[in-house]
Amino acid sequence: IKVLKISGITLGSVAALLYITPHFFKDTITKSVNEIAKDYVKSKVSFESVNLSFYKHFPNLTVTLDNSKIGASEHFPNQNFIEAKEIALGIDLFSLFGDKITFNQLYLNKAEIFVKMDSLGNQNFDIFISDEEQPKDDSSTNLAFDKILVTNTNLLYADEKTKVKLQATNLSYDGLVNFINNKIDLVANASIEKVLFTMDDVVYIDQKSLKGDLNTSIDLNDLALTFNKDNWVLEKFPFSVNGKIAFPENEMVFDLHVTSINNKLVDLLSVVPKSYQSWYDNTTIEGNSNINFSLVGKLNDSLKMSPNLNLDVQVSNGLLNYKKGPHPIKNLSFDTKILLPNLNPDSLKISVSDFNFNLNEGFAKGNLNYIAPTTIQANINAKLDLGTLKQASGLDKFDMKGLLELDGEVNGTY
């Protein structure tokens, strides 16, 4: 009993100490928070209250800014870059007794992040003070984040110039960070409950989950993102991202590469839009797939420059069978290459080689080369029961009947 009393008194004393100690430093730390906002961010930073505690993110001592707002750049007046229920900064305890208070952790909870670019290329996130402009030895604070934790956060990316829009719902991020000379290296695990991606109001990713491992660098001076082979899974589809996206004045520079090698066809098709989700759920899908995507070049309206897009999709040993019909599509294979120089539809090139599948006693095989606007070279050989094809593929929107026998060739400009 005596031991329990001593233990209880000790634990109570420690708890009391953890509760009382932050109050001795509250004024100093609050001053440091305001100093950080002034030294590192150009836009307005506001918050309703400041709380200092060991318990908020135990065992770390953190200063929490409640109901915070970080304003957008001058080109987006009366708008915010971040609105957060909670922004908390972890404090290096030993720095409290030194010349500079060091904030070494960042916590973001229940936040809305808005990343925007207008039609002129102005960025709402151009709010960070460059390394050359930041105070040197006269500052009493230091940012040296080695951990970032983001929870229950939504992100909106909207680019008026490229007509690209990305919505990320319930974003979580937990990882290490190295912040030196206005350059950030991120190594972390991240997940998003729902992703919506559109371009020119066309939906390409429709409320799919996304999770992955990041190895990314951010240069705040040059406004550039470098992907050091980030690994992601979109719904069930795994892929890797590497390369760079830079945001120099009035343009964007891409050297972006996305790959998915030797993965399952059923996982690739898991990213189908909602309108095809019922088809996906009712279709047996087998086979392998390879994806190689690249976007390389400058996007500059004044110089009428756009990057080059390349996409290569390979499928082998494929099988499709809608609602477990008696005759599935078997041995599906093809290699499709799409080239869009300068993102110009008039320069589009499409090549489909080694296209083949079997259906019951029938088959289809062929090749296609298309050069915009009207040059086509193709050959196809097929013998198919169209009703069986409709049943196996699940193409219910098309009324197909009868037998198709085709041995044809197309070669010319039309």
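Modeller: Asparagine 331 lies in strand E15, which covers residues 329-340; a strand (E) here is a DSSP run of at least two residues and a helix (H or I) one of at least four, both numbered from the N terminus. The model is a predicted one, in which local features need pLDDT of at least 70 and side-chain atom pairs count only at pLDDT 80 or more, while totals for chains, interfaces and linings use all residues. Residues are numbered from 1 along each chain as its sequence is written, and side-chain values use heavy atoms, with hydrogens and water left out.

The phi angle of asparagine 331 is near 55 degrees, a positive value in a residue other than glycine. With a relative accessible area of 45%, asparagine 331 is partly exposed, because that term covers what falls between buried (under 20%) and exposed (over 50%), using a 1.4 Å probe and protein chains only. Lysine 110 also has a positive phi, near 50 degrees, and is not a glycine; its place is in strand E5, residues 101-117.

In soluble globular proteins, nonpolar side chains tend to be buried together.

Asparagine 367, in strand E17, is another partly exposed residue, at a relative accessible area of 31%. If neighbours within four places in sequence are left aside, asparagine 367 is in contact with Val352, Ser353, Asp354, Gln377, Ala378 and Asn379, where contact means heavy atoms within 4.5 Å. The C-alpha atoms of asparagine 367 and asparagine 379, 12 residues apart along the chain, are separated by 5.6 Å. Between strand E17 (362-371) and strand E18 (375-385) runs the loop that holds proline 373, and the peptide bond from alanine 372 to proline 373 is cis, with omega near 5 degrees.

Tyrosine 204, in strand E9 (residues 202-219), is partly exposed as well, with a relative accessible area of 46%. Not counting residues up to four places away in sequence, tyrosine 204 touches Phe197, Thr198, Met199 and Val271, and its C-alpha atom is separated by 7.1 Å from that of proline 273, 69 residues apart along the chain.

For the chain as a whole, the secondary structure comes to four helices and 19 strands, and 42% of the 414 residues count as buried. Among contacts with a separation of 6 or more, 54% are made by residues 24 or more positions apart.

Finally, the second largest pocket is lined by 19 residues, of which Gln123, Asp126, Leu223, Phe247 and Glu249 lie nearest its centre. A pocket is an open set of points on a 1 Å grid over the protein atoms alone, where a 1.4 Å probe fits, with protein on both sides within 12 Å along at least five of seven lines, and lining residues have an atom within 4 Å of a point.
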